[in-house]
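Subject: Structure for you to look at

Dear colleague,

Please find the structure below, followed by notes on what was found in it.

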Amino acid sequence: MDWGAFLLSLQLALATTVLLLPAALLAARGLARWRSPMRAVVEAMLTLPLVLPPTVLGYYLLVGFGRASPIGRAFEAAFGAPLAFSFEGLITASLIANIPFAVQPIQRAIEALPREITDAAWVSGLTRWAAFWRIELPLVAPGLMTAAVLTFAHTMGEFGVVLMVGGNIPGETRTAAIALYDEAQLPGGAPGTLAAALLALSFVAILLVQLLARRRA
Amino acid sequence: MSGLSVRLAQSEPIALDAELEVAAGELLGLVGPSGSGKTTVLRCIAGLHRPAGGQVRCGNAAWFDAAAGIDLPPQARSVGLVFQNYALFPHLSALENVATALGHLPREARAPRASALLERVHLAGLEGRRPAELSGGQQQRVAVARALAREPKVLLLDEPFSAVDQVTRRKLQRELAELRRGLSIPMILVTHDLEEAAMLADRLALLHHGRTVQTGTTEEVLTRPKNPLCAALVAARNIFEARILGHDAERQLTLLDWHGRQLEAVQAPQFAPGSEVAWTIPPSEVLLHRRVAPSRGIAENPVTGVIVDQLRLGSLTSVSIGIEGEEHPLIMDVPNHVAWRNGLEPGVEIGVSLLAKAIHIMPAEQTTLVGQRSQADRTS
């Protein structure tokens, strides 16, 4: 089994989850309370990665990260290395691909929180920050956990976007799913262990989400 | 301790034109049908909703003043608010719920104080329970304890008894009546239950489409409505129209012409002879002339009519009497045994007396009168 690839996937999933969650919390909180016709448009854009074929998303990201694009040029100017076909590029792509997995569970949790709870916290004398930290956050924690688990698991198994944006560079962009594909293509390859590991991980993730959902109910 | 003075004006999103004065230690019942803006008024006082115009003052402190650009956040207003569904923090124990509102005390003093508050609302021993592990009545008590925890300058109660069963409601109402005796701050109780308001409030404010249409003592608002609209809002059942014949200053009476009958009523000198007015009488003040043995008092505003309908409600029978020339029936409440012993039933002709001291005269508002009848029917 290609432990290097598995480890790289773990790193990618961890980085994506840690970076995406705070941003998703902010976005979800804003969206949950936003009263505007534009909200539907923004929500549709944020949900797009969920339904788009990963290769389509990957293609646009590749174009966006390339030397021909301002983002790609700016990154290369700042860090001296291209964004495409790098681990940083993978993280960026994975952040974008996971937006719906992170934002939606949190947004649902916030929307399920009665406004009176926050009102009661303010009337009780809690500052906005204290009300958020001590009342709102613990109550949306199951939503946050669901978002974290989904993002992590989804990143562990992501194939199309990674292949388009990262290619297949061992130690840099060769993730578990890519390695698995390689093993399966090679005569005499041994994809079984890797496949089983990813299967087990996904199952545990879904089980966690289910348990969290039950605790919330 | 000092009083609360509220003036609210806005047209959006809910129209408001409300004026309330509540003295320290006084409990004002804010009454009105669903959707009349009662909760919004409370939210304005607590700082959770910002009205377009007006003022909220507590004692000498301005909490809100649209003209002066003052709008204190809820954290700075010192309001105790019991929400309609209590809005307890579900992840915290009863003790922690109360302690959350004790931020003004040093950390080590909060738990003992929260315990004492829970004991005051008869919840000793349940400090560790979460809201989901408490009954509706117990949750309400936690909400009251939390509202009192800040040592608020104003206590606001938003339909605090609407989410519990009848037996618990009676118990909680008695507890509130006891609790308030120890409080010397202005209190507002929002309710759509007139009986509850009559039982607990010192004064009532009637709210209709965000507008305070009558404010006064509970007795005054319930029995002497300012106009037919107010009468409908307090579910007054006998609202009729008549014409002023004149005033009898010596006997302190005003004489009315009701479809050709002369009625004597409590003197209302503000209405000129000849003017069209509305009048009302509580169904309990319509006295039956006993058919078997006529008794005293039958000379007072005697009226005869035919029973058109009869409805037994608990221990009382509500008798609808058709009066010649009058479109709406006159309603009389009598104990069941009286109805039975006098052989009252639809079709029977009876005589009644309308007690002069109970006849209250109001300005006639032809249009609102008609509209409000249907509104009263809808809300009852």
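Helix 1 and helix 10 of chain A are roughly antiparallel to each other, because the angle between them is about 150 degrees and angles over 145 degrees count as such. This and what follows refer to a predicted model. Helix 1 of chain A spans residues 3-33 and helix 10 of chain A residues 176-185, and their axes lie 7 Å apart where the two pack. On the helix 1 side of chain A the contact consists of A:Ala5, A:Phe6 and A:Ser9, which meet A:Ala176, A:Ile178 and A:Ala179 of helix 10 of chain A. Five of these contact residues are nonpolar, one is polar and none is charged.

Chain A also touches chain B: 14 residues of chain A are in contact with 18 residues of chain B. On the chain A side, helix 7 (115-123) and helix 8 (128-157) each supply at least two residues. Helix 7 of chain A has the largest share, with six residues. By class, the chain A side comprises nine nonpolar, three polar and two charged residues.

Within chain B there are three domains: domain 1 (4-228), domain 2 (237-281 + 356-380) and domain 3 (283-354). The contact between domain 2 and domain 3 of chain B takes 12 residues from domain 2 and 13 residues from domain 3. Strand 14 of chain B (residues 261-266) gives the most to the domain 2 side, with three residues. That side of domain 2 of chain B has six nonpolar, three polar and three charged residues.

Regards

Key:
Residues numbered from 1 in each chain as written. Chains lettered and ligands numbered in written order. Predicted model: local features only at pLDDT ≥ 70, side-chain atom pairs only at ≥ 80, totals over all residues. Axes fitted to C-alpha atoms, helices over the stretch in contact; angles between N-to-C directions. Helix = DSSP H or I, 4+ residues; strand = E, 2+ residues; numbered from the N terminus. Parallel < 35°, antiparallel > 145°, perpendicular 65-115°, else oblique. Contact = placed C-beta atoms within 7 Å. Nonpolar A, V, L, I, M, F, W, Y, C, P; charged D, E, K, R; others polar. Domains from an automatic or database assignment.
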